[in-house]
Amino acid sequence: MNVFFPRHRIIPRGFFITAWCLAGFSILAASPVPPALPTAPTLRQAADARHVLVGTAAASHFLSEPEYASVLGSEFSQLQAENEMKFGLIHPRPASDPNPYNFNGGDALVAFAQGHNMVVRGHTLVWHNQIPDWVKSGNFSPQQLSDILKGHIHTVMTHYASKVYAWDVVNEAFEDDGSMRHTIWFDQPGIVAGKGTEYIEEVFRWAHEADPKAKLFYNDYDAEEINRKSDAIYAMAKDFKKRGVPLDGVGFQAHVTLKFDDPAKLESFAKNLERFAKLGLELHITELDVRLTDPSAESLAAEAKLYGEITKLCVQQPACKVLQTWGFTDKHSWIPGWYKGMGWALPWDEKYQKKPAYEAMLKELSK
Ligand code: XIL
């Protein structure tokens with residue numbers, strides 16, 4: 001049983017909407033004084049009724065902003081560290097240092113999540129970015145590197161055992177053409193001999209040993225549609241399932257532009273999810289955002305439509321258990337810093353006002 005989403009919490013579709021309306025009408029009918037208006041369901045309430053977790057990436061240094069904490073703690077049922085559980089931040093110093101790890105940020109996020117009845121998704125154990133200098137410039141042999149990574153996975157997963165229910169074990173290991181990405185872990189110098197997905201298999205086995213209860217995910221971008229990258233991930237997943245490598249699911253980042261709102265692309269995404277679902281995998285949409293070039297009413301409406309389409313895809317696919325956005329307010333989105341001239345990618349604006357994208361997600365989750 002999935003302890004984070006027990007089956008007894010299954011509530012019939014439309015329950016919240018109906019209950020919300022009934023509560024409103026009965027208050028109005030019975031009360032002589034003006035009643036407090038019933039509040040609309042949150043994303044989280046609507047998603048609960050669809051057996052989907054609605055998540056967001058977050059950063060501990062923003063938790064002191066009252067509006068940030070209030071939206072995060074009320075609208076979402078899952079939290080993921082945007083950066084603070086990545087190798088460079090959580091393990092900034094080598095074992096020779098008296099204090100190699102820094103769990104402060106991750107621990108603060110876990111405490112916040114626990115205080116707000118949210119589950120925590122871990123991100124990420126093996127990635128080519130945000131690796132500390134001591135690893136990058138250490139001139140380690142494959143055996144040394146392998147020991148470092150195994151120790152890292154073991155320490156971080158043990159620290160968060162029973163607090164983090166699922167991990168992006170490996171992030172972005174393929175190129176767009178489906179070949180293996182050349183990284184420090186794969187072949188520069190690499191952690192195990194072998195030209196293919198052997199190193200990924202090895203780290204999934206280490207992760208399973210470290211925390212046998214955690215759900216283990218492979219996560220990537222631009223693999224939403226059926227294409228060479230998603231074909232390569234699919235081939236790996238099929239092989240892993242066949243041979244009993246402990247892979248529980250696949251994460252689809254879904255950092256998209258308005259171009260993604262194309263019936264052929266959306267249909268391809270649905271078919272792609274379906275083929276992964278048939279392997280018995282759990283599917284998570286992990287980093288959704290829709291970057292725009294301007295915040296005109298027209299662009300915000302188009303953004304909302306696409307948020308609605310992607311939400312619908314997840315809701316309609318029984319294996320899709322998580323719909324997660326990469327942050328929630330345009331005030332703290334990674335997009336302007338990474339895509340020049342772009343932004344306005346999230347469901348709340350810079351002043352924490354709900355955008356049309358929010359209403360579109362809520363509508364699809366409430367159907
Ligand atoms: C990004 C963060 O949002 C930024 O704050 C950071 O500077 C770089 O990384 N794919 C991933 C995420 O898996 O970890 C990345 O997060 C965005 C792309």
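**Entry 1: the whole chain**

I noted first that this is a predicted model. I then looked up the secondary structure, and the protein chain comes to 13 helices and 9 strands. The chain has 367 residues, and 54% of them count as buried. For the accessible surface I got about 16200 Å², with 56% of it belonging to carbon and sulfur atoms. I also checked how far along the sequence the contacts reach. Taking contacts between residues at least 6 apart in sequence, 75% join residues at least 24 apart.

**Entry 2: the ligand**

Which residues are closest to the ligand? I found 14 residues surrounding the ligand, and the closest are Glu82, Lys86, His123, Glu287 and Trp326. I went through the polar atoms next. Glutamate 82 places a polar side-chain atom 2.4 Å from a ligand oxygen. For lysine 86, a polar side-chain atom lies 2.8 Å from an oxygen atom of the ligand. Glutamate 287 has a side-chain N or O atom that is 2.8 Å from an oxygen of the ligand. On its own the ligand has 410 Å² of accessible area, and the protein covers 85% of that.

**Entry 3: helix H5**

I moved on to H5, which runs over residues 104–115. This helix has 12 residues and reaches 16 Å from its first C-alpha to its last, close to the 16 Å expected at 1.5 Å a residue. Which residues of H5 are buried? My list reads Gly105, Gly106, Leu109, Val110, Phe112 and Ala113. Looking down the axis of H5, I see the buried residues fall within an arc of 160 degrees, so they line one face of the helix. The face turned away from that buried side carries the exposed residues Asn104 and Gly115.

What do the buried residues of H5 pack against? I found strand E1 (53–58), helix H3 (66–75), strand E2 (78–81) and strand E3 (119–126).

I also followed the chain past the end of H5. Asparagine 117 sits in the loop between H5 and E3, and its phi is near 55 degrees, a positive value in a residue other than glycine.

**Entry 4: glutamate 84**

I picked glutamate 84 next, in the loop between E2 and helix H4 (87–90). This glutamate is buried, with a relative accessible area of 11%, the cut-off for buried being under 20%. What does glutamate 84 touch, leaving aside neighbours within four places in sequence? Its contacts are Ala58, Ala59, Ser60, His61, Leu89, Ile90, Gly105, Gly106 and Leu109. The side chain of glutamate 84 makes a polar contact with the side chain of serine 60, at 2.4 Å. I also took a C-alpha to C-alpha distance to asparagine 104: 8.5 Å in space, for two residues 20 apart in sequence.

**Entry 5: histidine 152**

Histidine 152 lies in helix H7 (residues 142–159). I found this histidine buried, with a relative accessible area of 0%. Beyond residues up to four places away in sequence, histidine 152 touches Phe87, Ile90, His91, Tyr101 and Leu125.

**Entry 6: backbone details**

I finished with the backbone. Where are the cis peptide bonds I noted? One joins histidine 123 and threonine 124, with omega about -10 degrees. Threonine 124 is in strand E3, and histidine 123 is one of the residues closest to the ligand. Another cis bond runs from glutamine 188 to proline 189, with omega near 5 degrees. Proline 189 belongs to the loop between strand E4 (164–171) and helix H8 (198–210).

I also jotted down histidine 51, whose phi is positive, near 60 degrees. Histidine 51 lies in the loop between helix H2 (43–49) and E1. At 24% relative accessibility, histidine 51 counts as partly exposed.

Definitions and conventions
Residues numbered from 1 in each chain as written. Predicted model: local features only at pLDDT ≥ 70, side-chain atom pairs only at ≥ 80, totals over all residues. Heavy atoms only, no water. Helix = DSSP H or I, 4+ residues; strand = E, 2+ residues; numbered from the N terminus. Expected span 1.5 Å × (residues − 1). Buried < 20%, exposed > 50% of the residue type's maximum accessible area, 1.4 Å probe, protein only. Arc of directions from axis to C-beta. Contact = heavy atoms within 4.5 Å. Near = heavy atom within 4 Å. Polar contact = N/O pair within 3.5 Å; in protein donor to acceptor, adjacent residues only side chain to side chain. Areas by Shrake-Rupley, 256 points an atom, 1.4 Å probe, with all protein chains shown as cover.
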